[in-house]
Structures are given as structure tokens and as C-alpha cells.
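Take the points in order, and find each residue on screen as you meet its name.

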Amino acid sequence: MRIPCIFLTVVLFTWIVPLFGDTGLTSPIANAGFEDASFAGWGWYARARAIYLSDTKNPHSGNRCVVFTNESPLAPEVYGRLYQGAPVLPGIEYELSAWVRGEEVASGIHFTDWNSYTLNVPEGTYDWRRIFTRFKTKEDQNGLNLGINVVNTCKALGVDDIELRPVGIPFRGMGFSASLIVQGRIIGDRTEAPLVIAIHTCALSNATIEATIRSGDTVLFQEKERLKRGKRTLEWKWNSGDVEERTLECCVRVTNDLGILICSASKKIEKLGSNLSKELNNLETRLKELDVLIDKCKSKGIAVDYPMTAKTLLGQFIPLAREDIQKNEMARADFAIRDMTQSLNEAFFHLNEYLRDPSQAPNFQRYVTSKTSPLSIEGTSFIGDRNDSRGQSGRGPVFFCGYGHFGQVQKDIPLFPDYGVNIIQIEIGPSAVLISENEVTLERVEAYEKVLDEAAKHNVAVNILLSPHYFPQWAFNKWSHLSKGGGGFLGYCVDAPEAKQVIEKFLRIVIPHFQGKPALHSLCLSNEPIFDRAAGCDNTKNMWKEYLARIHGNIGNLNKAYGADYKSFEDVSIPGNDHYNAPQFYDYCIFNQERFSGWHKWMAEIIHEMAPEIPVHAKAMSLALSWRHSIAWGVDPEMFGELSQINGNDCWIAPVPNRTEEGWAMDWHLHNMSYDLQRSLFLKPIFNSENHPTIDRSTYYVPPEHFRAVLWQGAIHGESATTIWVWERTFDRNYDFYGNVMDRPGCAQEVGRTCLDLNRFADEVTALQNVKAPVAILFSIASVARDSAYLGSVRKTYEALNFCGVKIDFISEKQIASGKGDYYKMIIFPSSDHVKKSTFDAAGNLADKKRLVLLGDCLGMDSYGCPFPEEKISRIKSKALILDAAATDTQKIGFILRKELEALEALPEISVIDVSKNVPVWGVEWLPVQIKDKTYVNMVNLLGKPIEIEIRCKGKVRGAVNLLSLGGVANVGKLEPLVPVLARIKDE
């Protein structure tokens, strides 16, 4: 679980100064130039060897500046932060700037509030320079947290003269230029708000400026003023009145004495709150009408699973929206009403269509808890008992979708079947059971037994997170050395004998209570495991020495590999977590990964000694292909996959709040790559037990189709179970619960609808999960550790392949050495200059049999930096396709790889064509599968604009129907952003 981010509330909005003072544009930052040596207005947080001082030696202006020093290198949750709250206007552009000077400043230090802006500080040594960024505040945002995160080392970083100023909408003409500054959203009737004109230049002597705000034909505000040279701002107050219209318009005009227009500007203003309670009343009335239609369909034996998700949603969320209005969460209430209105409209439409033609009602298939035939695992699938809407029962693949992780999921178990979801995650840790060294309480354990029994009644599965990070304080008090190491949530030396004693005692107490419960889906061994501070543990040095002796045999072999002259293994130091160029860094990464996965394996073995039938996994964050620093965390997806029956992870896929037509509609790369990596390493179900389709504390609207695409495409890439973060609500905007799925009813409905559809088409989705991949991308720990360009090249390669209509695999160095490379027609090495010798040898053997593609510098050295024989490198490269990673853009790489796959006869017979360009579509992920005599194509448009497509087979256009449409009969043509399509090709 996440630790709620609450420390920011200490000074947030404590030092509020007027946004517009006498000048109209007074900086809202208290002590922005740090002239007050007591740092009044600023707060400080540190989990690093970082300090800040008031400095008089070399300020940018005035008498003082602030200077930071930090000895801690980049590491998760290790940083210092100087911060304060500042008011802002909603829905306008701001510029944040600061003057900085640096001495030995490492990369990564930045200003941010984790929501609105990021402003990076330059690395290196330099004199004063101005840095700035521009950003637009959210439409309901009234404040932000100004803060600088000192996340990496710096000998001295000076900061001075921080400024936050509204930019507004510029307008100009005939010697006059200005900006209109007015918020983009106003809440409630008769609300006052500022309207400011910031004048930049004015060479006019005979002009008038007029501002008007209208609601349709009604003028809410009108003011004019004669322009005077030298005046910098005009500031007025306007009132929203009591009009019911939701869209207002602000217009500003500058005219000369003849009334001729010189220049103008306008801005739309959204008004919320006037009708929200009235709209909720209307929803309640319509909900009663919905009940009548549902009952009518039920009386005719028509399945109503889709409309029931809307009924359940409104029953729970209408009261929540009323509470939001009462507590001035107007934007959240407005989003909820928008979603609920859409849900209700769709439910009415479906019910009326079902009554008109009952054959359009889908035949849903649901998981059923069974005491006699528990869940089993086959490949990527959970196999369980299923009942359909027509009373037929059977057994087959089951997809699990639901929520975590605290009290609300337990309370809402009876509601979840009508939401369409079928799994929850809850957690229990040692501190809840072992309350002292010799005292045990079973209160939480017995409560969870009741949760499991209740879940079984409602056909809801339960995953239990065993949360070893909740380590008892009495154990720290008794064995203080345990806190010397650890990482992330696990703040102790996990494999110290004393720590293992505590964990084993906890496991042996709780597992027998959960064993045999029909609702128990699986056990999660750890939450977001990290072991990046392992070097501090008392047992590390000896373990490190033993590992080196095992790997290298003798010190002479190690010295040859390292190019060193150590006298003994004891002399080899443990490198820092970012010492990528140290010859022993690769060894330490593998050592730490073996050690940490070994600890998880030890826990799994204890569990399976008592309950061999319970599958386990660990909730490892999906960072292996996205953040190089995670290489030193001790988490390798291959080693973790070996020890468990399920590929567990914690993955996220962020929405794009202000997406453009040409940009991506979601940030899909990490999500897809992480799942495909785990599926390729081990053909086991993927369970993302902390799925993040939104960003904590986000305040922008997230369209429901984003959630649907996340879950549907996750399943296509191998995810067969997920619990979403988090089924809880809060009014504290700085808390990690805020902004997630229980703030977004439309998204919650799509979770249920998508779960229903995944199980309705479980056989087709399972077949898509198991499509054979003709191409694989090398996954190399050595390349992550030693090649800075590797991860960027992996992303580029994956994106280039993702729109070719083929399954994409990854192949590890262990797999390629074992001969799995023979399985593929093409293998791509992305900027893999450092690889294991066994990988290099395998590449040499494959060069004669397979198409090798080398993107960037590849196959030059082993894991320690020792070069391979030049003649062998030349031989491999002479038989490979070599691409310049820096000079070749992604679409061009995609075109080249598609042609190569075509030449290898590795492309499917069908293709998806962009009609507007008459070329294979770019930006649409698609994958075909043949099931018996039928061809199915899964498609999702990842771009921000609709795309007209055709499906062709051998050049001939083939018709197709979208099985996810009403009745499954709509023809496939236009693909809307983020709306999955499961197409079935029509018979010729």
C-alpha cells in the first residue's frame, strides 16, 4: 500500500498573501527572495543527508539566497524538500521561474508539486541563470505547493528570486499589448472573482478598454476604463449571479475614440454548482424509473447485468455527490453527475433495446465460488467454475477485476456482484498479530475469516496481502541493528535471522486460518518490495564475499574480469546503487536480486509447507523496463517469476489530461511492456494487485473509456487478475486516496462492465493472450546496468513493433542461452552493448538461422566491460540488420521492421489500414487470432483522435462486426480513442 502523503499539510496555505495587490500582479510567494533568514513561510522535509542555509556571499539580488547541500545520491524516497503553499486562480496559465547557481549539482533535482508542474534544475557547475516553466492550473485548482526536491547530490545549489506569475491570454494591436487573466471555472451562484488586465505596452492616448461577462444574452458584468499611459493593470471584481447556464463568456475589447476595434480577447468560463442538487434530484427520480424497466426485463427472463451496474452505481454515488456539494467539492460532484447521467442514459437505451429485441441482451458468464473445485492455473489463465445468464454452468478461464485495499472493499462485498466485479485485496501484517514478543492476538485474523466467508456467499474472490512491511516495533526495539538496511516499505534487514524469526512466526499463525477458505484466491508475499539499502545490513559483507567466490572461483578470475588487482574477495567494496560504471556493479545487482528473491522464496516455501495449494506472488513495481535505478533494488521479474505461481506486479497507466489529436491518449508503454515482459519470462497469469489507472491526488476529469482500455488491453497482454487502487474516498486533497476510482463513478462502472465483457469473451481473450510471437526483444540485466541508452531503445523498439499486428515477446539472457531464440523469426538487440558471454555466443549461433536486428551499439562487451573478439563481433554484424538508434525515428523503425517481418512471412494475413492514408495504421494496437474457422481481431486506438480503418486480407477489404457493440452486430469502421473493439471477420 501507499503511505499517504500528509506532511505537505503542515504549511500548505498557511502563508496566503493576496494574489493581486496594489500592482495587480503581486507574487503570491512568501519570502520569495529568502531575505528573511528564518525562512518564514517555508517548510522543510528531509529523508536525506541534505541541509539548507541562508547565504549572504553571492545572492542573485538583495542580501541573501538559499543554498542547499546534499550528500545522498538518487534513491527512492530519499530527498530534502523546501516548500510552501501558494494560492492560484483555476484554469489559467502560470509561469514559475527561479534563479539558480550550482557547484557539482547532480541530475534530477527539480521543483514540483507532483500534480501541476515540474521545473528541472540544471546539473553541473554554473553561475546564476534563470530557469522557468509554464503550466496551466486545473479548472478547480485554487492552490499549489511550491517546492524544490533535492533528490541527488550537490556540493552547493543556490536558489533566489522565485516568482510565480499568471500569464493569461495575450492580445495586442497598434502599440498596445496586454493579457486577460480570469479563471476558467467558478463555483456557485453570486460568487465573486477577479478579472485582471495586465498591460505590457501602451502607446495609445485615446483608447478605452471594456470587459464584459455574459451568460447567453444576460450581462453579468460590464466595466470600461479609459487607458492611461503608465498604468500597468486593471483589476475588477465580477459576480456569477444566479443564472443557470453552465458556460459564460468573458470578452475584452480595446477601441479608439471612434469606436474602431484595436484588439480583443475572450475566454470561456464554466459555472458549476447552480443546478447540481437539482440534477441529483432528477437522477434519483429517473433511477426509480430505471428500476421499473429492470423489473420488466427480469420478468421476461432478459439478462440485465449491464443496467445493474448503473443502478448500483447511482445508488451508492448519488449520496456521495450530495456530500461533495455540502463540502464544496463542486468539481468532483459535477464530474460524478456527468458520469451518472451518461450511465443512466445508456442503461435506459439498453433496456429498451432488450425489450424490443431480447436477442440483443448479452449472455454473461460469471465466476462462481466453489468448495469442491477450487481455482486452478493453466498458462496465463485462472480456471474456475462459471455460470452464464441462461443457467448453463461449466468450467474455464476466469478474469478477475476488482478493488483494494482497506475497509470499504470489505463493507461493499455485497454490492460488488451488481457492480460486475469479482475480487478484492485486503492486507494483514506481523504487527497486527504479534503485539509483543510473547503475546499474540487473532482479532484481525478472525475478522478476515469472516470477510472470506462473506465473499464466498457473493462469488467474490479475496487476495490477502501478507504485508511484511508492518514489522512490529517491539522487534526493532529488541534488535536495533535490523533497521540498518532495508528499502522502501521494508525498513529492515529482511534476511537477518531475527527478522526471519518474526516473519516465520507470523506466517505459521495466520496461514492455517485462511487455508481451505473457498473465496481465497491467492496470497501476496510483499507490497512494492525494494531492498536498495541492503548494504547496511550486518550480514551483507560476508554474503557478498561468498557470492563473489561462488561466481568467480578465485580472486584471479575476478581481477581478470574487473581489470583489477584485489588481494582477496574481502577487498571488493559494495558499489553505490548508481555506480553503473563500477566493474563490480553488475555482480552486486545480481547478488542483491538473488538474495531478495531468495527471501521471498523462503516465505513461499513456509506457506506451501502448510498450504501447498495456495498460489503466491509478490507485488513488485513494474520498473524493470522504465527506470534504470531500480536495477539495484533487488527485484528481477525473472527471479520473482520463478518462485511464484503468479506473475505479480504493481503497475500504472496514466491518463493524458490535456491530450491532443496527434498525441497519445494514454501513457501506455510501461503497462504493455511490463506485462509482455512477465508473460514472456513465464507463461503464468499476471495479477496487478495495485493497478493505478489514475494519479493520486489528481483533480482533472478522467474519461471512463480510459479505465476500460486499461483493463481490456491489460488482459490482452496477459493480465488475468487485478485489484485497483483504491476503493476509498477522502476530502483531503493531499492524501493518496484523493483522485482515484471512488471519485469517478463512470470509471467505476467501466471496471464492472469490462470485467463482465472479459468473462463473456474469456475464451477469445485467452486465445489472444496465447498468440505466438514471431519477434522478441532482448531483456538484459547487464545492459540495464551498464548501457545508459538501453531502456530508451527498448521503448523505441517496442513502440515501433506495437502497430504491426504481431505479438511481441521479450527474451532474457538466460532464455537466449538456453536456446529459446530458436522459437522466434526475429530477435532485436536494443542498444545492448554489454551482455553476458553466453548471450554473445547465442547471438553468434542465431545469426545464421534468424533475423537479428541491432539497434544502436550492441554486442561489444561482456557484463564487466571486457570486449568480445572483434572478428566475432564483425561476423555477427555482417549478418544482422543494423539501425541507428539516435538518427532513426520510431515510425521509420516501425516501417523497417514491418518490411522485415513481411519478408520473414511473420505478419498475419490480414492487415488494418488507415483509410485516410491507405497505409497500415499507426497508433492503433491490433492483434488477430484464429479460433476454429473464425478470425478475431482485437483493436484499440491509442491516439487522441478517431481513425477510419479497413480490415484487409491479401489486399481485399473484409467486413467485420464489433462483438462488444449492442447485440454484437455493429460494423467496424471508425475507431474512437481508447474504445476497445473485438472484431469478428465476416464470412466471405
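Helices (H or I, at least four residues) and strands (E, at least two) are DSSP runs, numbered from the N terminus. The model is predicted, so local features need pLDDT of at least 70 and side-chain atom pairs count only at pLDDT 80 or more, while totals for chains, interfaces and linings use all residues. Residues are numbered from 1 along each chain as its sequence is written, and side-chain values use heavy atoms, with hydrogens and water left out.

1. Start with a strand. Glu 104 lies in strand β5 (residues 93–105). Glu 104 is not a glycine, yet its phi is positive, about 55°. Here is the background: most residues other than glycine have a negative phi, and most peptide bonds are trans.

2. Two peptide bonds deserve a look. The bond from Gly 404 to His 405 is cis, with omega near 10°, and His 405 is found in the loop between β24 (400–404) and α4 (407–411). Trp 725 and Val 726 are also joined by a cis peptide bond, with omega about 0°. Val 726 belongs to the loop between β33 (719–724) and α15 (745–760).

3. Now go to helix α1 (residues 276–299). How many residues does α1 have? There are 24, and from first C-alpha to last the helix reaches 35 Å, close to the 34 Å expected at 1.5 Å a residue. (The expected span of a helix is 1.5 Å times one less than its number of residues.) After α1 comes Gly 301, with a positive phi near 75°.

4. Which residues of α1 are buried? They are Leu 276, Leu 280, Leu 283, Arg 286, Leu 287, Leu 290, Leu 293, Ile 294 and Cys 297. (Buried means under 20% relative accessible area, exposed over 50%, and partly exposed in between, with a 1.4 Å probe and protein chains only.) As you look at the spacing, remember that an α-helix has 3.6 residues a turn, so residues three or four places apart point the same way. The cover over the buried residues of α1 includes α2 (305–326) and α3. Contact means heavy atoms within 4.5 Å.

5. How does α1 meet α3? The axes of α1 and α3 (residues 330–356) come within 10 Å and cross at roughly 25°. That makes α1 roughly parallel to α3. (Axes are lines fitted to C-alpha atoms, for helices over the stretch in contact, and angles run from 0 to 180 degrees between N-to-C directions; under 35 degrees counts as roughly parallel, over 145 as roughly antiparallel, 65 to 115 as roughly perpendicular and the rest as oblique.) The crossing of α1 past α3 is left-handed, which is the name used if the near helix is turned anticlockwise from the far one by less than a right angle; clockwise is right-handed. The residues of this contact divide into 18 nonpolar, 3 polar and 5 charged. (Ala, Val, Leu, Ile, Met, Phe, Trp, Tyr, Cys and Pro count as nonpolar, Asp, Glu, Lys and Arg as charged, and the others, Gly among them, as polar.)

6. Phe 840, Ala 843 and Gly 844 of α20 make the contact with Lys 872, Ile 873, Arg 875 and Ile 876 of α21. By class, that gives 4 nonpolar, 1 polar and 2 charged residues.

7. Thr 839, Phe 840, Ala 842, Ala 843, Gly 844 and Leu 846 are the buried residues of α20. Their cover includes β34 (775–779), α19 (813–817), β36, β37 (851–855) and α21.

8. Finally, look at the loop between β36 (826–830) and α20, where Ser 832 is found. Ser 831 is in that loop too, and has a positive phi of about 45° although it is not a glycine. Is Ser 832 buried or exposed? Ser 832 is buried because its relative accessible area is 0%; for Ser 831, also buried, the value is 6%. Beyond four places in sequence, the contacts of Ser 832 include Ser 783, Tyr 790 and Cys 858. Ser 783 sits in helix α17 (residues 781–786) and counts as buried, at 0% relative accessibility.
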